[in-house]
Amino acid sequence: MPLSRLAVTFLRIGALAFGGLGATLALIERELVERQRVVDRAQITDALTYTKLLPGSTVVQVIAYLGWRIAGWTGSAIATTAFLIPSAALMLILTAGYAHIASAPAMVSIRRGVLAVVVALLLLSMERLGRPFMASPWKVIVGVAAFLVVMALNVSAIWAVVLAGIVGLLVEGRRT
Amino acid sequence: VTYLHLFARFVVISLVAFGGGQAALPLVERVTVQDTGWLSASTFGTAVAFSYLTPGPVLIVATFIGFHVASSALSPPHLGPSSPPPRWPVSPPNR
């Protein structure tokens, strides 16, 4: 696959990747597995397995991995950049526009409605994430402890994450 | 706030954001709203709403936050509820 076509393909995926991880993975599969036939399903599964070990955005890592499978390190760099350009460009436009009209009365009203939906969506995604993560007693204890420490003691959430990682290593690491 | 602060905070978020972008949103909120006060809660909510509107990963909120921090560091803050009197629409001059 020539690099220019790689760039165009990932630009298009980036521009159409609405609706979160699941919808984006379906789009990637349609575009790269069924239409262009440059990767196979097993490689997407591999990518998902590896990204579980890494911090950061899952979609971006899957894209970086598939770009690497298709055309090596250059392919990975091009794929990742091309995938992020539409998203970042659109966000910049929205942000710059918002800065101009943030205090307009209509915008204030719109924002009130939108914020309610955002809170609901966040609660939903936390519930979905929480179910598998809160599967064993020690995880629940760590979760509750982190909540209390961050809420009551006003400790930065970053320290809570780092500490929880160490606890995870001690508890699960000993078992294996 | 300098660009270095901004960069450093987001590098740290990136390093500890296990579990994907959605799972990292509360962490971004803690750092940019609670810890540093760069954004108000409702501005953060707007940023998240925009990230749902745009294609691509939700962590693109970083673009919004970076823009917001840079513009409010350079000029008086004009975003969020604590903003000075509305600049738009411009009220008609008194006659």
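Ring pairs join A:Tyr50, A:Tyr65, A:Trp68 and A:Trp73 into a cluster. The model is predicted, so local features need pLDDT of at least 70 and side-chain atom pairs count only at pLDDT 80 or more, while totals for chains, interfaces and linings use all residues. Residues are numbered from 1 along each chain as its sequence is written, chains are lettered from A in the order in which they are written, and side-chain values use heavy atoms, with hydrogens and water left out.

Aromatic rings come first. A pair of aromatic rings is described by the distance of the centres and the angle of the planes. Rings of Phe, Tyr and Trp (its six-membered ring) pair if their centres lie within 6.5 Å; planes under 30 degrees apart count as stacked, over 60 as edge-to-face and the rest as tilted. Over all chains, the structure holds 6 aromatic pairs. For A:Trp68 and A:Trp73 the ring centres are 5.9 Å apart and the planes stand at 50°, so this pair is tilted.

A:Trp68 is partly exposed, with a relative accessible area of 36%, and A:Trp73 counts as exposed at 68%. A:Tyr98 and B:Phe50 form an edge-to-face pair, 5.6 Å centre to centre and with 90° between the planes. A:Tyr98 lies in helix H4 of chain A and B:Phe50 in helix H3 of chain B, so the pair joins two chains. Both A:Tyr98 and B:Phe50 are buried. Helices here (H or I, at least four residues) are DSSP runs, numbered from the N terminus.

The next topic is charged side chains. Side chains of opposite charge can pair when their charged atoms come close. A salt bridge is a side-chain nitrogen of Lys or Arg within 4 Å of a carboxyl oxygen of Asp or Glu. By this rule there are 4 salt bridges over all chains, including these:

| Salt bridge | N to O distance |
|---|---|
| A:Glu31 and A:Arg12 | 2.3 Å |
| A:Glu29 and A:Arg41 | 2.5 Å |
| A:Glu34 and A:Arg41 | 3.1 Å |

A:Glu31 and A:Arg12 form a salt bridge; A:Glu31 lies in helix H2 (residues 20-35) of chain A and A:Arg12 in helix H1 (residues 3-16) of chain A, so the pair ties together parts that are 19 residues apart in sequence. A:Glu31 is buried, with a relative accessible area of 7%, whereas A:Arg12 is partly exposed at 32%. Salt bridges also link A:Arg12, A:Glu31 and A:Arg35 in a network.

A:Glu29 and A:Arg41 meet in a salt bridge as well, and this pair links distant parts of the chain, with A:Glu29 in helix H2 of chain A and A:Arg41 in helix H3 (residues 41-51) of chain A, 12 residues apart. A:Glu29 is partly exposed, at 25% relative accessible area. A:Arg41 is partly exposed at 42%, and A:Glu34 is partly exposed at 41%.

Next comes the nonpolar interior. A nonpolar core is a set of buried Ala, Val, Leu, Ile, Met, Phe, Trp, Tyr and Cys residues joined through side-chain atoms within 4.5 Å. The largest such core has 29 residues, and B:Leu39, B:Phe44, B:Phe64 and B:Ile65 have the most contacts inside it. Among the helices that each supply at least two residues of this core are H4 (58-101) of chain A and H3 (41-53) of chain B. Another core, of 22 residues, lies apart from it and includes A:Leu25 and A:Val39.

Last is the interface. Contact means heavy atoms within 4.5 Å. In these terms, 46 residues of chain B are in contact with 48 residues of chain A. The two chains bury about 3,800 Å² between them, 74% of it on carbon and sulfur atoms; buried area is the accessible area (1.4 Å probe) that two parts lose on being put together, summed over both. B:Arg30, B:Pro55 and B:Phe67 supply 15% of the area that chain B buries against chain A, more than any other three residues.

Terms used:
Buried < 20%, exposed > 50% of the residue type's maximum accessible area, 1.4 Å probe, protein only.
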